Amino acid sequence: MIYTLENDVLKIDISSIGCTIVKYIDKKTNTDIVLGFETEKEYLEKGACHFGACVGRCANRIKDARFTLNGEEYHLTDNDGGNTLHSGSADLSFKDYELVEYTKDKLSLKTVDEDGHGGFPGNLEVIITYELKDNELTVSFEGESDKDTIFNFTNHSYFNLNGKGDILNDELRVYTDKLNLANANVASEEVINVRGTSFDFLDYKKIGDNLKLNHPNLSNGGIDHNYYFENMDDKKTASYRNDKLELEVYSDMPGMQVYTANYVDNVEGKYNQLYQKFGGICFESQFCPNSINYDKFIKPVLNKNTRVKHYIRFVLNQR
């Protein structure tokens with residue numbers, strides 16, 4: 001089922017499958033700023049890129065497809081070269097959520113992920129809510145489990161403010177100087193200062209110009225790395241702009257995976273477009289990748305019978 005949130009500024013289409021943002025239309029310029037597909041069937045059949053989906057119960061990678069919680073080791077699905085990516089077989093991006101509430105500016109959907117699914121402990125109730133207010137879209141992730149478990153959801157929209165082509169001439173700013181280097185695609189515990197590197201967006205920079213600096217830790221020539229904010233305060237995490245629009249990203253999460261679609265290759269998408277490498281950019285606010293296995297980062301542990309809620313807020317401005 002596809003639901004529409006709409007006001008004078010924005011029109012947002014959301015699928016109940018994975019609580020996926022299907023269309024994100026700026027009405028003034030008539031630009032759809034997210035990549036995706038025309039039909040829900042395509043999201044199920046061609047969903048490997050997770051266009052627009054809400055990913056959980058644990059977004060990103062867990063090294064060696066295992067973690068220890070309360071002294072017990074849990075073994076997960078290996079679906080990424082020995083690691084677990086986006087929860088493996090328990091990936092809720094393809095689950096059809098049920099409706100809780102729907103108005104012209106608010107949509108709440110929920111599901112229950114069963115104890116042991118994909119190796120994760122606990123029956124986890126998840127409620128995902130989208131709220132539209134003026135030029136702002138907020139997505140919140142709410143969870144409660146009957147066992148201690150992992151709760152680390154994000155939204156995986158690929159933004160392109162031009163509506164087509166690539167994002168290399170667009171400008172990006174990220175509001176932290178800290179980044180996790182990656183080792184075999186898994187974020188490491190090593191945190192670097194980004195200044196002077198391909199990852200340095202402390203001031204607005206053209207994305208393509210920074211990639212030309214060719215840092216040895218780039219992922220297939222692009223960014224697929226976690227920017228580290230250290231806290232769970234309300235904060236601006238990124239700003240992304242072209243000559244007409246600017247998207248601001250806010251969140252209470254301690255990390256944000258920026259991904260420049262480095263592995264997208266000849267994917268047939270909406271409006272008869274063929275999506276290619278650098279065709280969009282993701283701002284996946286979340287707990288730091290693999291932080292369940294690291295001691296130096298905030299861990300994405302949800303204690304049993306405790307309800308938690310996190311959010312990402314997207315603000316689209318005219319320039």
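Begin at the second largest cavity, whose lining comprises four nonpolar, two polar and two charged residues (Ala, Val, Leu, Ile, Met, Phe, Trp, Tyr, Cys and Pro count as nonpolar, Asp, Glu, Lys and Arg as charged, and the others, Gly among them, as polar). This is a predicted model, in which local features need pLDDT of at least 70, side-chain atom pairs count only at pLDDT 80 or more, and totals for chains, interfaces and linings use all residues. Residues are numbered from 1 along each chain as its sequence is written, and side-chain values use heavy atoms, with hydrogens and water left out.

To display this lining, select Asp32, Val34, Leu35, Gly163, Lys270, Tyr271, Gln273 and Tyr275. A cavity is a set of points on a 1 Å grid over the protein atoms alone where a 1.4 Å probe fits but cannot get out, and lining residues have an atom within 4 Å of a point.

Next, select the lining of the largest cavity, including Ile17, Thr20, Phe37, Tyr43 and Phe51. Its lining has six nonpolar, four polar and no charged residues.

Phe37, Tyr43 and Phe51 also belong to one aromatic cluster, together with Tyr158, Tyr259 and Tyr275. Rings of Phe, Tyr and Trp (its six-membered ring) pair if their centres lie within 6.5 Å; planes under 30 degrees apart count as stacked, over 60 as edge-to-face and the rest as tilted.

By this rule there are 16 aromatic pairs. One of them joins phenylalanine 151 and phenylalanine 153, a tilted pair with 5.2 Å centre to centre and 45 degrees between the planes.

Conventions. On a 1 Å grid over the protein atoms alone, a cavity is a set of points where a 1.4 Å probe fits but cannot get out, and a pocket is an open set with protein on both sides within 12 Å along at least five of seven lines; lining residues have an atom within 4 Å of a point.
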